[in-house]
Amino acid sequence: MAGCVARRALTVGSRWWSRSLTGTRGPRPLCAAGGAGAFPPVATTTTRRHLSSRNRPEGKVLETVGVFEVPKQNGKYETGQLFLHSVFGYRGVVLFPWQARLYDRDVASAAPEKAENPAGHGSKEVKGKTHTYYQVLIDARDCPHISQRSQTEAVTFLANHDDSRALYAIPGLDYVSHEDILPYTSTDQVPIQHELFERFLLYDQTKAPPFVARETLRAWQEKNHPWLELSDVHRETTENIRVTVIPFYMGMREAQNSHVYWWRYCIRLENLDSDVVQLRERHWRIFSLSGTLETVRGRGVVGREPVLSKEQPAFQYSSHVSLQASSGHMWNCTLRP
């Protein structure tokens, strides 16, 4: 099974749930009205692509929030760019970009597969390519509509105390790939509802986009860069289920006279097929170069057994793992139905 080399040599398996994703058939769920779950809420009624109002079930209405722009094929989006997420449908704003290394195992590679390593984990050589991701704020109005498909408190960090293992979360903060950005413009001076929007961004109608970074945003980025930084992204498709894994090194803490190295990892599952599938089980093997091997097995992930359908094809979540050494591997075993 292929693996992913991450910062400080944490390895996260990307070919997983190929058997634990169990096919199901039945009626397709209706999209939620009046929220991000109903994406895309657009109607091309004129040559300009407006996010249009339209009557919905239960008396709910999609409000006009702006005008779509042409997505960028080259270059990157600037701080203050408003967008819709192409998969999860929420409104957001770009804070700043990250230049990551994308290791895509779906891209054909001429390199032969390596033999399995001492941890029993095989991997094939994959060359990383530079890929742009963005740190973004999620509109708080859309959070209730995406909470079943994407965690809105997924970005966490350790407490500043060296002996503390407490985790803190920043609600409404996310990482978004360049291709998931659907840019739009708005005449609203506060188009995104988030407690950090006006603290981080200043409206300036002479700029494009008309929101520029305040000094507080620059200072926040610099101060929190170590645990915010996105450096490696790993992707692989197995049986039409595409898995994207992003590991983050969070820091080291002391516990009972030993060092514990903490990681956060973000997992995104996408169903590329028309069949409905459901994630029912997980089975992790976690190997630390200190010599320990831990096995974790249970129902679903983060307390859920998500269903991936054509209408709602993706599920994204974050979790954490601690190692007794600064390097290790983490991968998933094949489960059979």
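This is a predicted model: local features need pLDDT of at least 70, side-chain atom pairs count only at pLDDT 80 or more; totals for chains, interfaces and linings use all residues.
Strand S3 (residues 67–68) runs antiparallel to S10 and is held to it by two bridges, with Phe-68 sitting opposite Tyr-184. Strand S4 (residues 82–85) is also antiparallel to S10, this time through four bridges, and here Leu-84 faces Leu-182.

Thr-152 sits in the loop between helix H1 (143–146) and strand S7 (156–158). With a relative accessibility of 16%, Thr-152 falls under the 20% cut-off and so counts as buried. Beyond its neighbours within four places in sequence, Thr-152 touches Cys-143 and Ile-146, along with Ile-170, Pro-171, Gly-172 and Leu-173.

As for charges, the structure has nine salt bridges. One of them pairs Arg-235 with Asp-104, with 3.8 Å between the closest N and O atoms. Since Arg-235 belongs to strand S13 (residues 232–238) and Asp-104 to strand S5 (residues 91–104), this pair ties together parts 131 residues apart in sequence. Both ends are buried: Arg-235 has a relative accessible area of 11%, and Asp-104 comes in at 15%.

Asp-139 and Arg-141 make another salt bridge, at 2.6 Å from N to O. Asp-139 is buried at 0% relative accessible area, whereas Arg-141 is partly exposed at 32%.

Then there is Glu-215 with Arg-218, a salt bridge at 3.4 Å, N to O. The two are three residues apart in helix H3 (residues 215–228), so about one helical turn separates them. Glu-215 is exposed at 54%, while Arg-218 is partly exposed at 44%. Elsewhere, salt bridges with shared partners link Asp-180, Arg-242, Arg-268 and Glu-270 into one network.

Conventions
Residues are numbered from 1 along each chain as its sequence is written. Side-chain values use heavy atoms; hydrogens and water are left out. Two strands pair if DSSP finds at least two bridges between them. Buried means under 20% relative accessible area, exposed over 50%, partly exposed in between (1.4 Å probe, protein chains only). Contact means heavy atoms within 4.5 Å. A salt bridge is a side-chain nitrogen of Lys or Arg within 4 Å of a carboxyl oxygen of Asp or Glu.
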